[in-house]
Amino acid sequence: MHKFSLYETASRYYVVGVDVSEKRYRILKIDRTTEDGEEPSMTDDKIVYTLKEMNQLLDTIDDGNKGTGGIKLRCTAWGLLGFIRFTSCYYMLLITKKSTVAMIGGHYIYQVEGTELIPLATGKSSKLDARSNTADETRFLSIFNSMDLTRSFYYSYSYDVTHTLQHNIMRERAAMAQGDVPQTDGELNPMFVWNNYLLKPITSAIKNPFDWCHPIIHGYIDQAALSIYGRTAYITVIARRSRHFAGARFLKRGANDLGYVANDVETEQIVAECQTTSFHGPGPRLYCSPHYTSYVQHRGSIPLHWTQDSTGVTPKPPIELNLVDPFYTAAALHFDDLFQRYGAPIYALNLVKAKERQPRESKLLEEYTHCIDYLNQFLPADKKIIHKAWDMSRASKVRGGDVIGNLEMIAESVLEATGFFQNGDGISVPLVAQNGVARTNCIDCLDRTNAAQFVIGKRALGHQLHALGILADTSIEYDTDAVNLFTHMWHDHGDTIAVQYGGSQLVNTMETYRKINQWTSHSRDMIESFKRYYNNSFLDNQRQEAYNLFLGNYVYAQGQPMLWDLTTDYYLHHSNPRDWSPNNIGKYLHWFNPANLEERNANGAVVPIRSAPVPKPVDFFDDYWLEYYRPSTLSSFPKMFAFKMNSTIKYIPIKSTQDGKYDLSPFRVRIEQHHHDVDADKKKAAKKNATSQNKVASSPLSQVAMSDDGTASITSDSAQPRGMSLGRWLHPTQEKTLGLVNAMDTVIEVDPAHTKTKQTALEKSKAEQWTFTKAVKDSLNPSVEKQEADDYARYVHHPQNLPLVVSSDTPVDIDSSEYQDYVHGGWQDRGLMVSGSEEEMDMYAELLKVGENPLTVTEEDAPKKRYKAYRKWLRGKSFFKQQPLD
């Protein structure tokens, strides 16, 4: 069911659900008279009604409740998120607004845009604003509402967003091979279901809770189109954040004793060429479309017991190893979980600093290395954890350090070790599974990690496009439309993950590590650093309380401390020591499950070929077209998601395509286009002004402009490279003449008669080169013009030339009536006081009065306009929310 209507009577709520076709209706009854402390009473009759039958049922309910006001429509919703209780009654959480963010195999994925919390109580108390809550209940509601569910929460009606595409397709194919139909909702990954705690009341009350409630994930989802000469490939990035050990940056570090790490995020990139909408291949080959590929990465904090104390004012608190476990139990549980989810091998890319004056990150590097060496002793030779430690921060700061080049080599080795997933029918295209995963980490798993994951994802993108038959090679160059689009998606992905964990967007982006656009990116990085420091110092505790309440880490109990009274939430995220027993302790030598190390292939997921058509209709297995193809629905292009989707077509400049010479390929390096544009401008300019071109050609600076990183690049007017070059930044404002410095010595003046109103690309390039060269020349050879020297001399000797006695002779260079009036003594009759109205004089006299204690505001000052904002502030209104005073 896709749409819900909430009706209410004096004693019950009725949730009426309807499918996409708006032909099948169902109803869920929820009792409002449940006493505090009791579980909510819900009834699902599982009867499918038509529209007419549902209207008759609602009329019957209305007639039966005439004495208490009948039945009323409370609101409409797009789904239920679950139920939660604090100190008294239960609350029902509804999705009231949604937006489409992606489409995979005909299944839409939506983002939650609005929610509503409705109490399951009777009478006027069912309204939150009128409910006579206790102080504790009100504070719990305030903490819960501070959890912004309208940012980065996603769900789908028909696609399992909690699992990867590889898991979903192989599960469907394995079930098809055995002749079964899998129950998708019953096999959700609870690690990524963020409303798992809210679903418990309805799960225990009715048999099929997912007919009414929808699991939501927290993270990031985006989709864009790659247009290649009429063929369209869709890139989808899905990030799933784990609900275990979730929290803010300095409050959640390392791992807990259950093996869950902080900032655990699984990122999947799906590249598909949707020649057909669904996952099915031609004919009776269900879930065998060869046009779907995916690649999965993982990021997470270093799986050791370490913390950072953020109570001080330093932006980088010292790192403390709280517990040194010689058997590394937490890390063993974590890597065994990774083996279970992704297989082997695990490629651990460690980007922390290796050398520091005051050891901080390097302490973790040493301990993490010992940890992996210990765990690798007991793994098979071909399944060992691959540990790659590289100080990325030092490489980015050393002159000549090639960060991107090193990451490209690491990315290629990662792809060789893990591979990627490609669906296939097993005949023309084999099914290839990804075995293993790249686990990337730095200290925060934000900036450096995101840059490294982007490079690995870019390399995987080339392999995926090659597997789809779009690229002849497996590599894609930078500064192409395809990589620019992918970079934009990955930056948004990194910013979203950073805001969720660190409180601010990325501090160091790909532009920082590529060393482009440094003039603007450096100031942006500083601002984001300040934001992150402010959020970590003042707002993280509030966010952590909201996480603990929403995820069910804290559950109110009579006689227990309140959430806001806890000095630490350590025991909310770690197991109780009283529950420890010899049966729960893992083995120190055989710390892994050997079944998790087995290679994942398509042997158990081969769908047998049928000579006859499928005995059951396709909608029995997959009813995707009910959501994607809606012929009875009136729509328009601006409302269609496929029309609004970001695409490489938007990167194409319209003016450059008018002559028909622009290469529309998204894999063409656009910087090369500048060379062709400049060459064309040279030929045009040479025909019009051959003499001027001969002079310009003698200068070695006439061909190139200096970019930020010191390399030479050609500039043009039609398509500027990414970032602002130093020449563009120093672009002069010339109105009459245009000059060019030849060999940094002589300035060649251009005749103003030849100056055009609209400069060509070549002339703009010359202007930039002239400005930059002149700035360098002036800085190396400082000089003072004659007019500047005269002004300076007049300034220095000016006091000595002032006469001590005012004469009656009027200076020759002064012609002012006020001066003459002053010299002739006219001021002696009327005085020096400035004339004005009586009101102005009174106000001026009042301003001259100084009280005995001028810093104290008295009652007499209250009516004054300048204290208006102060009076509002005393009433509790913020200065920042006040309107400007008249």
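Leu 589 sits in the loop between α14 (570-573) and α15 (625-628); helices are DSSP runs of H or I with at least four residues, strands runs of E with at least two, both numbered from the N terminus. The model is predicted, so local features need pLDDT of at least 70 and side-chain atom pairs pLDDT 80 or more, while totals for chains, interfaces and linings use all residues. Residues are numbered from 1 along each chain as its sequence is written, and side-chain values use heavy atoms, without hydrogens and water.

Leu 589 counts as partly exposed because its relative accessibility is 48% (buried is under 20%, exposed over 50%, partly exposed in between, with a 1.4 Å probe and protein chains only). With Phe 327 and Tyr 588, Leu 589 makes a nonpolar surface patch of about 280 Å².

Beyond its neighbours within four places in sequence, Leu 465 is in contact (heavy atoms within 4.5 Å) with residues including Leu 226, Val 271 and Phe 667.

Helix α3 (residues 165-177) is largely enclosed by the rest of the structure, because 10 of its 13 residues are buried. Among the buried residues are Arg 171, Glu 172 and Arg 173. Their cover includes β12 (265-272), β13 (292-299) and β18 (421-422).

Conventions
Patch = residues over 30% accessible without salt bridge, like charges linked within 9 Å, V, L, I, M, F, W, Y side chains within 5 Å. Areas by Shrake-Rupley, 256 points an atom, 1.4 Å probe, with all protein chains shown as cover. Salt bridge = Lys/Arg side-chain N within 4 Å of Asp/Glu carboxyl O.
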